[in-house]
Amino acid sequence: MADFSFLPTLSTSDVERAAQLIQLGYGPSTSTTTPDDLKRLQQELFEMQRRPEAWGLVIPLLNHEDQNVQFFGAHTAQVKVARDWDTFPQEHAERLRDLLVQLTGHSVAIGRGSFILRKLFVALSTLAIKLVPGRPTRWPDWILSCVKAFSEKGGSADRIHQFLVIVAEEVSGTDLLGSSKLQMEQSLKDAIPMVVQAITSSISQPRGVVPVSQIQAALQCLQAWMSIFPASDLIPFITILIALLDPSEDNESVFVAASEALQEIMSKSSLSDGAGTKSLTEPLLLWADAIGSKVVASTLQKGDVDEISHSVCKLFAALGDHSALYLAANISSQTPVFGEKTKGYLVQSFLRLIMSYTGLQGYYGIDEEESELTLAFWYLFQEALWSADYFEQEDDTDGSVPPPSKDPVQVEMAKAVYIELVQILRRKVAFPPPPTGWTKDQVEKFNVYRRDVGDTLINAFYVIRDDMLSYYINDIAQQLNTEPQNWHNIEASLHCIMSIQEAVDLEKAPQLARLFSQDVLGRLPTTSHNRLRRTALSVIGAYSTWFTTHAKKSGSADSTLLLNVLNYVVTALTDQALCLQAAVALRNLCDTNRKALAPHIAAFGQLHDGLERIPDSEKSKVLQSIASVIQAVPPSEMASPVEAIVSPVVQKLVAALQTASTVPDEARAMVILQLEILSGISKGLTRTTEGLYTEDDDDPETQAEVAKIKSVREDPRMQRLRDDIFASIRSIVNIWSVDAEISHALSDLFKSITSLPSDITLISLPAGPLLELICVAAQKQLTATWLSLSAILIAQLNPPSYSLYVRTTPLKDAELVVANVLPVILQCGLNALAVPGAMEANPDIVQEFFSCMDRVAQDFTKAFYTLPPGLLDALMQCAISSLSLQERYSLVAASNFMSNLIHRSSLTSELNNHKMSLLASHGRSITRAILQGFAGIAPRSVVPNLIEMLGTLMNRSSGLDGGPSIVAQWMQEILFSDDFVPSKAGPDTKEKFIKAVMA
């Protein structure tokens, strides 16, 4: 027995008390033990374990007859080594090492439980991490010496494998650095020959020679060491592992373990990412063709996926992920691999097998769980096909070389594979006929699967292109001509068409004309069949822009097709189960086909007349749709329809406001609804632009159109309408400005009902009066919403110019508005952020506050220098203090504000004197905040912003006494001051930093 006299000793009563606490706190619960009692017992035990004398608990607790007490003894050994090593006498380190090895070997020999041994194994590994690093090491060959000690005690092979698993996990997860880390890694490498031999001897024996548990333990050991083994040591295991994949014998657990090991080799070892085609990919393809195919055939015959088949599916998915490039490159290769089996034959065989799992009979999540595992492969395989030389992507040719008359054989094969995949996936996404009996969770899981299939279908589309749309549309037409119609299959095809919309080139999709014709869409049911109709409406909404491109491409002004689709959508608006999809489809159709629908504005009047039958939740979208069409009619004809759709909304707002004091909840709900509707109308009336920049703003036609709209705005009806809207908004702000939902609704309305001059509508409101309302709201309660809106409206007061030669200057009226609102917003912000801890607790307000100030600095710089005395200084002090925040976006916003204020103040002689006064007052404080940020006060991610601000400070310091050199003087004083934040930089480093900055 190793000497343990160096360990502290505890009295028998202390040991017995510890054992009692363990049994009471972690043993079987009793009715008399309350949660508070348990907490107290565990705290007492924890305090006992923290004491230096607790080292003396390890041996007596391990020798206790109760397993819970033994576990705590092992746990104490681990905890003391991990947490209290620094206080342990280092002269006894080797003796502790020998004692722990002996205690663990004894526990292994007498067959203590795995949960106890795991703790001891972790304790040994943790101790090794303490002792192995150093010159000389205090534990040479620690892994080999432990294994030898366990073996001499009679430890079984599976226990040794379990120890080796812990070793790999603990050492790989350690946070050692430098030479210490290298020494620990080398200790693992030194043990590789022994570990390889131990694993091999356990898994290479004939069937029945070693226990199954030993094989499983060895395979777990292999997985744990996989990332440590070089490829040369891994490759010999592959043949052994494949030999263990024998489904004919009664060894399901061994089969699954071997399969998992191979999956790990393909994903986490030195043979991952397509490596080892000869040693890994091709042997597995041969196994799949010879043996895996029998598992698949049995699965398809029985209609049930057992554990072995499930494991085979995962193995195929892993092989596909690992070898996608190989599979794509060799899909038609005639190079032999084994006998008459060529690479092409094996690839095609594998594709058939994995396709079998993709297309398993039954419904995913209910009858099977495997088909989803294969979906990722089809994405990787498509990517691999595109990377192959023989597979040209669309539009690769410039037209100088005519395309080949026929695709290469590899492309033909790939297309055949994906055509079959498309057909299978259409079947897999179909819902069963009602009643399904599915739970809500099962339905949701199946819907998630359908969305995942949709992503896979996009990859399939990139391979087979137009053939895919044609297949689905032809399939729908065929189903419609078959009595009785299988509406679930039709819905599945529509779902597939919707899923690939983002990949379809709408200018090259003439097949859609048939889909939206009376022969297909016109024959779909308009009553019941809600899922089918929802999907059909979603398809229409997804492909709404196609009608515009189709009309342009065909050169026809005939809108019959569009009107037929529109009628199908409108009939669903009043159905509670379909109204959401119908309203979205209507909005998309009207927004993208305004001009085509404008001649039919009267029909939209009828739609407006029936508005009360449409659920409230969708009225906003419907009225936005009508407004979109109104926007496309000549301005001279707009006033009446605009009045017709807006006046009822305003009237309901007024009525709600009148009842706000008597029925506040109902009034509030009505106000939110009408604000959402008014926002939708405003969005619809705003003209659409096809690019990021409205380059046609200076176009004579556009200017003429804007002039006509401005003329119609003078119509007394429109003036009265805008006045009523503004009055309603003002009353709402006075009553509900602190209400979060109403604030959100007002925010959306303010964004949509204001515009740049080129986008003005008949009901657009000027930004200035709305800014004044925001000031009223902000004085009641400042929120990020009001600050964000302020920045948007201030930007609208000085609309941008898209000319490279003309720089816009604010109008006098706009300057006056900003001069009035800036002090209010600024004072509200400073009051809110002056509360201790407010900056840290409200990063959204900090960010939006400085973003708003930044907007003013860019567009209305002069406004800061007309503020009441002391307000600008308070703002600068607030901005400087915010540079010490840890929230990145807040700090960046403050940094950008100060940089832009200094920069913009330098652009004109009028403001230059103000800038010099600003820098004289705050330049040194800004410099100090920047340097402290560099020293670690600020997050690393904002260092570029701080560098930019320092550059602005130096570049714009001309005019100050000393010019840019004054900044260097400030830096010198700050960096070498006694109160500068502690950092690792010494005097020489600081001097070099200053010189580099000034260079």
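Which residues of helix 28 (residues 601-609) are buried? In this predicted model, local features are reported at a pLDDT of at least 70 and side-chain atom pairs only at pLDDT 80 or more, whereas totals for chains, interfaces and linings use all residues. Residues are numbered from 1 along each chain as its sequence is written, and side-chain values rest on heavy atoms, with hydrogens and water left out.

The buried residues of helix 28 are Phe604, Leu607 and His608, where buried stands for a relative accessible area under 20%, exposed for one over 50%, and partly exposed for values in between, computed with a 1.4 Å probe and protein chains only. Seen down the axis of helix 28, these buried residues fall within an arc of 100°, so they line one face of the helix; the arc is that of the directions from the helix axis to the C-beta atoms. An α-helix has 3.6 residues a turn, so residues three or four places apart point the same way. On the other side of helix 28, the exposed residues are Ala602, Gln606 and Asp609. The cover over the buried residues of helix 28 includes helix 25 (560-570), helix 26 (579-592), helix 27 (594-597), helix 29 (616-632) and helix 30 (639-658).

For the protein chain as a whole, the secondary structure amounts to 45 helices and two strands, helices (H or I, at least four residues) and strands (E, at least two) being DSSP runs numbered from the N terminus. Along the principal axes, the C-alpha atoms of the protein chain fill a box of roughly 105 × 85 × 75 Å, and 50% of the 999 residues count as buried. Among the contacts in the protein chain with a separation of 6 or more, 74% come from residues 24 or more positions apart, a contact being defined by heavy atoms within 4.5 Å. The accessible surface of the protein chain is about 45900 Å², with 52% of it belonging to carbon and sulfur atoms; accessible areas come from the Shrake-Rupley method with a 1.4 Å probe, and for residues only the protein chains shown count as cover. The protein chain carries 81 positive and 112 negative side chains, and the centres of the two sets lie 2 Å apart. In this count Lys and Arg are positive and Asp and Glu negative, while His and the chain ends are not counted, and the place of a charge is taken as NZ of Lys, CZ of Arg, CG of Asp or CD of Glu.

Aromatic pairs were examined next. A search of the whole structure finds 35 aromatic pairs, for which rings of Phe, Tyr and Trp (its six-membered ring) must have centres within 6.5 Å, with planes under 30 degrees apart counted as stacked, over 60 as edge-to-face and the rest as tilted. One of these pairs joins Phe121 and Phe150, which are tilted at 40° between the planes and 6.0 Å centre to centre. Phe121 lies in helix 6 (residues 114-131) and Phe150 in helix 7 (residues 142-152), so the pair ties together parts that are 29 residues apart in sequence. Phe121 is buried, with a relative accessible area of 1%, and Phe150 is buried with a relative accessible area of 1%. Trp378 and Tyr418 form an edge-to-face pair, with 5.8 Å centre to centre and 80° between the planes. Because Trp378 lies in helix 17 and Tyr418 in helix 18 (residues 409-428), this pair ties together parts that are 40 residues apart in sequence.

Ile166 is found in helix 8 (residues 157-172) and is buried, with a relative accessible area of 3%. The C-alpha atoms of Ile166 and Ala224 are separated by 8.3 Å, although the two residues are 58 residues apart along the chain.

Two threonines were also considered. Thr374 is placed in the loop between helix 16 (343-358) and helix 17 (375-387), is buried with a relative accessible area of 0%, and is in contact with Cys313, Ile354, Tyr357 and Thr358, leaving aside its neighbours within four places in sequence. Thr927, in helix 42 (residues 909-937), is buried with a relative accessible area of 0%.
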